Amino acid sequence: MQKIKLITALVFAAAIAAMPAQAKESHAKTPAKKTATKTATKASSTHRSRTVKASVSSKKGKRVSPAKALYRDMKSAKTAPVRAVPVSLDREGNPLLQSNAFMVQDLGTGKVLLERNAESVVPIASITKLMTAMVVLDAKLSLSETLTVTDEDTDKLKNTTSRLVVGTELTREEMIHLALMSSENRAAASLGRNYPGGINAFVFAMNRKAQALGLSETVFHDSTGLNPQNVSSARDLAKMVTAASHYPLIRQFSTDDEETLPIRGRDQTFRNTNALVRSPDWQIGVSKTGFINEAGRCLVMQAWLAEKPMVIVLLDSVGKFTRVADAQRIKRWVESALAHQGGARLPAG
């Protein structure tokens with residue numbers, strides 16, 4: 001009995017003796033955990049800093065504050081990434097694209113990397129609005145002047161709708177912004193109507209500008225692109241996009257993700273019609289989409305692929321997502337080709 005009591009006492013004493021050691025061990029783990037947390041926080045902070053710097057320099061020619069760049073990066077992170085698409089190649093190693101007419105050009109060398117039906121003259125829909133913006137900016141009209149949407153700006157050709165109801169008042173700058181970013185037809189119509197001499201003088205100025213840029217296959221009949229007689233070719237549009245890239249306001253407005261404006265006393269948010277501007281995988285300098293039945297779905301961009309400035313023109317794409325998928329195929333093809341060639345020039349399409 002005494003032996004049992006002695007053994008119990010020894011076990012109890014051993015347990016008590018072990019407790020400080022465990023407490024000490026537990027206490028020792030806490031600083032290590034804090035150190036690891038600090039390290040992770042520091043790494044996260046460094047990564048965020050790098051992200052901000054990358055964003056500031058990603059839009060060439062467009063000044064963006066670090067705070068705004070970080071805000072855009074945070075928004076991009078919350079946006080579902082554009083899905084990667086497989087790249088099928090033809091016998092010559094060029095990507096198989098679904099757009100009926102296209103052209104990809106290296107702006108640094110002027111070399112055409114890909115093209116198909118690039119000289120075909122086809123309706124261009126709202127790609128028109130790039131020319132609309134250039135003509136308005138060339139006229140050096142007051143950007144702060146208030147313009148009013150009237151019944152003359154409504155679409156009587158295709159009866160499309162708009163959130164800019166008759167009576168909406170916006171500045172000329174805001175009209176340009178919505179015309180480029182959200183492809184607002186009434187904004188583009190108002191810009192043309194409020195040009196000195198009215199819409200006829202504006203269309204004349206659009207065609208004169210086209211001639212000055214050497215767009216021999218391009219003709220305009222309105223400022224919106226709703227008129228299917230607004231026609232051009234992929235080759236001409238590559239020149240037009242290049243010209244548009246020299247306007248800082250067009251670069252900014254055409255690539256903005258979204259903008260909230262007061263429309264008749266109520267804030268409304270307008271978003272870019274090109275989903276790629278919200279993708280962190282893309283660096284886009286100029287962007288414009290277009291669609292009417294006669295033109296199909298169109299997309300033009302000036303973007304950096306493998307750190308090289310390129311112009312991409314995609315016309316008459318069938319299907320809602322085809323033009324974006326084709327742009328993704330082009331991007332992957334260019335980057336893959338340059339990686340395999342060690343930066344060597346790409347073959348012409």
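The model is a predicted one.

Start with helix H4, which covers residues 172–181. Eight of its 10 residues are buried, so H4 is largely enclosed by the rest of the structure. Which residues of H4 are buried? They are Arg172, Met175, Ile176, His177, Leu178, Ala179, Leu180 and Met181. Now step just past the end of H4. There, serine 183 takes a positive phi of about 55 degrees.

Next comes a pair of helices. H5 spans residues 185–193, and H6 spans residues 198–212. The two pack with their axes 7 Å apart, at an angle of about 95 degrees. Angles of 65 to 115 degrees count as roughly perpendicular, so H5 is roughly perpendicular to H6. Which residues make the contact? H5 supplies Leu191, Gly192 and Arg193. H6 supplies Gly198, Ile199 and Phe202.

Finally, move along the chain to serine 279. This residue is found in the loop between strand E8 (266–271) and strand E9 (284–292). Is serine 279 buried or exposed? Its relative accessible area is 5%. Buried means under 20%, so serine 279 is buried. Look also at aspartate 257, which is 22 residues from serine 279 along the chain. The C-alpha atoms of these two residues are separated by 9.9 Å.

Note on methods: Residues are numbered from 1 along each chain as its sequence is written. This is a predicted model: local features need pLDDT of at least 70, side-chain atom pairs count only at pLDDT 80 or more; totals for chains, interfaces and linings use all residues. Side-chain values use heavy atoms; hydrogens and water are left out. Axes are lines fitted to C-alpha atoms, for helices over the stretch in contact, and angles run from 0 to 180 degrees between N-to-C directions. Helices (H or I, at least four residues) and strands (E, at least two) are DSSP runs, numbered from the N terminus. Angles under 35 degrees count as roughly parallel, over 145 as roughly antiparallel, 65 to 115 as roughly perpendicular and the rest as oblique. Contact means heavy atoms within 4.5 Å. Buried means under 20% relative accessible area, exposed over 50%, partly exposed in between (1.4 Å probe, protein chains only).
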